[in-house]
Structure formats: structure tokens, C-alpha cells
Amino acid sequence: MALEYKGWELVFSSEIEDKPNSSSQSSHPRRTNRRTKSGSARASSDSLILRRKADQFQVKTGDTIFVTAEGGSNIALIKDIRFGINDFVEIFVIWFSQRDEIKAIPENIKIIDREVLLIPYQDEIELEQIGEHVQVLSEMDYEKRDKSQHEGKQIFMCRRATNEQGKFSEIFDYNELMQQFIENTDHFQDTLKKIVFNPGSLKKQEKESQQGIGGRGRARGKPKVSEKNEEQTKTHAPAKATVEESESSTSSSGGESGSEDYEDSEDEKVSSRNRKRRRVITPSPRKQKVASSLTPNKSSSPTKLTRSVDSEIESIYSVVTPRKKIRVMQDQSRLPSFTSPSKRPPEGTLDPTSEAFREVKEKLHTSQRLNALPGREDEFSMIYASLESAINEGTGCCIYVSGVPGMGKTATIKDVIQQMTNLTEEGYVKPFNFLEINGLKLLSPTVAYSMLWEYITGGDRVVDSNAAILLEEYFMRRDDKRKPLVVMMDELDQIAQKKQNVMYNFFNWPTYATSKLIVIAVANTMDLPERVLANKISSRMGLRRIQFKGYTYQQLGAIIQHRLDMLTKTSRHKVEISADAIGFASRKVASVSGDARRALTICRRAVELAERQYLENNDPKGDACQVLISHISQAIGESVNSPLAKYLNTLPFAAKLFLAALLRRTRRSGFAENSVGDIIDEMKNSMAMFTTSNPFVTDSSMFDLLYTDKIGDKVQVNIRVHNFEFVLNSLVEAGIITQQNFSSERRRMVLLNISEEEVVSVLKKDHEVLQFL
């Protein structure tokens, strides 16, 4: 039974196929029963077909159609038709791109007329956008077509895929690609991504299939000879993403691992079992060598892990486990994930004022790249001088950079690296490598070992413990061809733990004369080495310490003005931020923290408020929009009176005392995470030292009110405040803090989950809690 929707019928493919055979079904009831049973088995595989009632026009999965939108049309491949959640039916397509839609076409890529390219983008279309059918042919079929018969028809040719941003695949057979689409529709988009971003993957699959067919043919014709040759070929082919090393011969394991990749059908699996049963005697190393020399190596996947046995990295691997197999995993970085980009709107749809607002907000965003960093010229020169001398001399060193968040530490270091990279091309600075390790992105501090080793080897992934041993051996060996390596360890506070082995190794390796390792440690605390690190670690950091102080209001004003100077002339005349507004925002932020991010966020929000006011007034004169002090003041008020600040203001005294104790403990220990037991002790000590009289009960102090219980004539002093578990759980449920799931309550680690500045600004307004900060 067909389902109707907006003039379309939704039917199953089995219903259309069974209609011509209705008479035969009625005359042969038994055959009909068999068909019914088989039809029920195939019911799950029936595809949906859309049929227009007006002209019986049909579309189904795999059809190529025109999609009309906003007066234009684009070619698309129907990927799926299914019952929808929001709409009655959902239609998903994969777009084709034409030559005029591609931004940059390399010189070696030639796109002819009526050639379309597949793009790995999936999108959803409406029923009203479905146009007529389009025929897309492969390159061979397009050249063989009869032009006289196809005259006036919409026929195109496809032989490549692209992402419309400069990435192109190699030439493929469109018919074979559509066969893969029919076999596995769900993973077709992933297939397109692979052939676009890994151009050799398609040829690799073809060669592997040819090798599998050739191997089966040799096995049937000459079983005795083909076993050795096939085994040696699979042994040398890096089919898996692992490299196994051993002193013993790996012929048997290599053959088995190769057979698992090349054998897909049941016949291949049976033949592989028979070969394994017949193979009783392992050939000697000499026979293996002869066999491998006679058999051509058809391996077609040269990876980063393919090295000569006597290379430096291979010799370092032998240090870790000389008699055992070590497993090295190949780089399995994920392909870029794509959202569904709708077709680009035509240019000129936005008015100049809206475009000016968009550009101003873009320049005031913290992610905007700048030509210079105002206010950090001295810090820039100090970091540059230290790095330049170490790189040109080929020696290792440690540089400690400290400062509260928002002071421009990471941006300044990256700017120095960018400047030195440009000078490397001109020959003023020797070539070097750079790696950034962010402590907040590490699951554990030891992951830094494997990240560094993966970068050095170009993709080898090993266990953290093995990576530490390999790095120790690597930096101890002398290699004159090795480039200096600059490692920036951002958020060093997160790596600092009770066991300081990771920090010790990273600060100890630069002391080796052969390491050529330069470590830039970035932290939020100036005296972190003295308060947290052991003497053996702080002494290895040396005396190269650079402190980033808070921005003054002059520097914050210069930063904002520098970003506004990057605007185009049109936007500069349409949207103006007055000098008084910039000065007001700079002074407000400089008096509290000197955080450049906060100043930019306030100005950006003020622009949004001014834009909303401008659109509401709808001034016909077209005068420039002015961002005034009132807008800045309103933006500051929103940041101060945010929902989070209002919630913190309504917290009870015990919860505020807990947050104040957490901040004090964090500053005292230098760790972002602290145990619940340490916070309980911090709360009790703070109350004992800074206790005040209770405003409600003048005869007892606040300490007695929170910590003591009177049982008759006896007074019992508790370790924690009353209802401590309720206070802790309420903060966790509200998302203010995060708590580690651990059996022992005192050993649970607690971490502040919101901005420290937000908590401090609220607690400073409470006079009862202000003294505990």
C-alpha cells in the first residue's frame, strides 16, 4: 500500500516488482506461498521508492538527479530515502561539484566540459527540490557514447573526487565506485574521504585484490612452488599497521598475518587452512633468502614504519626488548569529519552594515591571528634570544614561562616559533622541529612520552613505559644530522603530580650534550618550581625564567585598537568603537585581572548589543553605528550578573567556605586537583585562624556553630562541618566542581570546573568569606 505525502507516493521496491506477476500468483497458490516466505525474508532489504502522482516520476537510492534551490540547480546522488523523525520522509544526497564551484584547481588536474566531481559531503533535501534525472557515466563510457542518440539529454562524466578546497583524488572508474556504493551504502561517504585525502588508497585496494587473485591461481596450478613464494611475498608486505621485531625467524607469523588480510571469501579461507596443514617444515633462512630474491615484492603500501634494519630507530627498538616482540602501531589518525555544508549563498546578499558587524566581531575574537602582539615586545625578544642561541649552537636548554591565564604566553611563544621558521628558510636560523604538548589534553602525564616518540619517529605508537626507555636511548646517542627539537609543555600545572618522573625526564634530557632538546615549560604560577617541584628538578630548569605580568590599561587599549586597525575601510566607517568605550573597558579589566581575553570578550559583546540596538532602530539615514560606554557597561554587567554568578551568590556559607578552601589549597600546593581530606583540613584551619563572631548568636563563635556538638554537658568538636556530604554533592551536581569516583572519601580528588576568576569575583563581595581567600 502506497503512502501519500505532498503529492508523492512512498512505495517499496518489492510492491512494484510483484505487480506484473499478480495473475501467475493467483493461478499457482503454492508458488505464491513460497514467494511470500522469501519476500518476508527480504522485507528488511526492500528499498523505498518515491513516485510523483502527477506524472509517475520515480526516484530511488542510487539515482542521480538535479536539485533545485534558489533559482539554481546542482547535481546530486541520492544516498538514502527513509522514514523521517521530523518530516514524513528524509532524503539524503551526496553532491557533485562542477568546475566553476571549485576554488583552486592544480595545473596537473584537467577538468573538461560536462565533467563533475564527487565531494564527500552529505546533505538533506526537500521533496520540492527534486528535479529531473541526470545520467553520469564513467570516463570510458562517456567517450564511447553515441552523441547522436544522446543529443539533448543531460549526460555528464565523473572520474575524480574533491573537497572543493584543493584536494583531488586520482582517476577512478565510476562504475566500480558505484558498485561499492551498492554493496555498502552506509560507508560510501567514508570511502570518498579516503580516496580524496589518501589518494593512493584506491590503487592499494586494487593491487591487493589482484595479488589475492594471482595467489589463488598459483595455488591451484603449482601448489608446491607457490606456497613459498606467496609466503615470502606476504612476509615482506606491510599489510597490517604493525611491525613486529624478533631475533627468531618471522616467516610463519608473517604468512599468517598476510593471509588474514588477503583472504576474504570462503574458498580462500579453506585454501589457507590446507596450506597451513601441508606446511610442516619451516624453510631455512638461506632458502628464505633465495625464495625472496626470486619472488618480486608486490607490496604497495609504503608506510612511515618501513625502515632498513640497521637504521637508528631500529637499533633503538632493540634496546627495549631484544628477545621479545615489540608491537609498533602505525599512525591511525582519523580522517577529517565533515558536517553537511549547504550550498554557498550568493555573494552580495548581506548589506554592508551587517558585513561590517560580522568583521568587527571576527577581529575581536580571541582566535584571530595577529600580525604583532602589542605589549609583549620585551617577552618576545627574551624568548627569541634564548631559542636562537640554543638552536644555532645545537645545545639543549629549559625555559620557564609563567603568568596567569590571558597574559599571552602561548600566543607569544607561537609567534616566536613562526618568526624563526620564516627565518629558517632565509638561512638566518638553522632548521628545527617544534612540538606542542598541552597538559590539559593528556589523560595521564606519561602520555607525553608516547606523544614525543610518535612525533620523532613519524607515527610509531608504543606503550608509555617503552616510550620513556626509547627516548632515553635516543637522546643519549650522538647524531650530527639530527635537527634541534623545541617542545612546548603548556599547562605544566596539570602535569605536576606527586610522582614527578615525567617532569624530571623532560627537564633532564636537555642537559645531555647530544640531545639537542629545548623544553619551554609554560605554567600559571611563578614559583611553581620552588613550591611543587623537588630540588633535583628545579635545579635542572636553570635560570631562564620569563614572567608575563598582567596587562596595564594602556596595553589593553593598544591590543583592542590594533585589532580594529585590521578592519577594512568600509567596515571601519560602518561600525565605530569610541575611544572612551575602549578606555573604559581597558581600565575595568586592568583593575581586576589584566586579562586580555576578558577585555576582548567584553568588547565583542558590546558590539553585539550595539548591533541589536541598531537593527531595532532601523536608521534609514545609514549613519555609522557607534559602540559607546553604555554598551561596554551593559556587557560588563552581563558578565558579572551571569546565571553562574547569581547561583554562587545564593550558596550557603559552608559551600562558599569549601570553595575558598579549595582555592587556598590550589595556590598552596600548586596542583589543580586536591584531595577532599586536604580541603577539609584547610577549611578547619581557616576557621580556627580567621573566626569571627556569629551575627545571630553572640555568645558562640562561627567555629563553634559549624564544628561543635553539645551532648549534655560535653562539647564534641567534629572534623568536618555539619552536613558536609550534602554541601559537597550539591556542588558536584551543579557542575561547580568535579569529584573523582573513589572508595575512600578523603582520598577523592576534587577539581574546580569553572573559571577561578568567576569564583573569586563572587566571593570577594561576601564580607564573611572574603577573609578566607
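**Entry 1: confidence**

pLDDT is the predictor's confidence in each residue, on a scale from 0 to 100. I began there, as this is a predicted model: local features need pLDDT of at least 70, side-chain atom pairs count only at pLDDT 80 or more, and totals for chains, interfaces and linings use all residues. Residues are numbered from 1 along each chain as its sequence is written, and side-chain values use heavy atoms, with hydrogens and water left out.

I looked up the chain average. The mean pLDDT is 74, and 71% of the residues reach 70 or more. Over residues 337-350, pLDDT stays under 50. The model has 21 contacts (heavy atoms within 4.5 Å) beyond four places in sequence for that stretch. Residues 692-699 also stay under 50, with nine such contacts beyond four places in sequence.

**Entry 2: the whole chain**

I noted 33 helices and 25 strands. Both are DSSP runs, numbered from the N terminus: helices are H or I with at least four residues, strands are E with at least two. Of the 773 residues, 41% count as buried. Buried means under 20% relative accessible area, exposed over 50%, and partly exposed in between, with a 1.4 Å probe and protein chains only.

The chain exposes about 43300 Å², by the Shrake-Rupley method with a 1.4 Å probe; for residues, only the protein chains shown count as cover. Carbon and sulfur atoms supply 50% of that area. I also checked contact range. Among contacts between residues at least 6 apart in sequence, 69% join residues at least 24 apart.

**Entry 3: strand β7**

I went to β7, residues 89-97. Nine of its nine residues are buried. In a regular strand the side chains alternate between the two faces of the sheet. Here V89, I91, V93, W95 and S97 point one way. E90, F92, I94 and F96 point the other way.

Next I checked its partners. Two strands pair if DSSP finds at least two bridges between them. Seven bridges join β6 (residues 72-83) to β7, and the two run antiparallel. D80 has F92 as its bridge partner in β7. Six bridges join β7 to β8 (residues 115-125), again antiparallel. I91 stands opposite I125 in β8.

**Entry 4: helices α16 and α19**

I looked at α16 (residues 447-457) against α19 (residues 501-508). They pack at about 35°, with axes 10 Å apart. Axes are lines fitted to C-alpha atoms, for helices over the stretch in contact, and angles run from 0 to 180 degrees between N-to-C directions.

From α16, A448, Y449 and L452 meet N501, V502, N505 and F506 of α19. The contact has five nonpolar, two polar and no charged residues. Ala, Val, Leu, Ile, Met, Phe, Trp, Tyr, Cys and Pro count as nonpolar, Asp, Glu, Lys and Arg as charged, and the others, Gly among them, as polar.

Six of the eight residues of α19 are buried, so the helix is largely enclosed by the rest of the structure. I listed them: V502, M503, N505, F506, F507 and N508. In α16, the buried residues include A448, Y449, L452 and W453. G458 follows α16, and its phi is positive, near 85°.

**Entry 5: a three-stranded sheet**

I traced an open sheet in the order β21-β25-β24, with antiparallel pairing. Its edge strands are β21 (673-675) and β24 (737-739), each pairing on one side only. The twist averages 30° from one strand to the next.

Three bridges join β24 to β25 (residues 749-752). I737 has L752 as its bridge partner in β25. Helix α28 (residues 653-669) packs on this sheet and touches β21, β24 and β25. Its direction makes about 100° with that of β25.

**Entry 6: single residues**

Which residues other than glycine have a positive phi? I noted Q56, near 60°, and N723, about 55°. Q56 lies in the loop between β3 (48-52) and β4 (58-60). Q56 is partly exposed, at 45% relative accessible area. N723 lies in the loop between β23 (714-717) and α31 (724-733). N723 counts as exposed, at 60% relative accessibility.

Last, I checked F703, in helix α30 (residues 702-707). F703 is buried, at 17% relative accessible area. F703 and V717 are 14 residues apart in sequence. Their C-alpha atoms are 9.6 Å apart in space.
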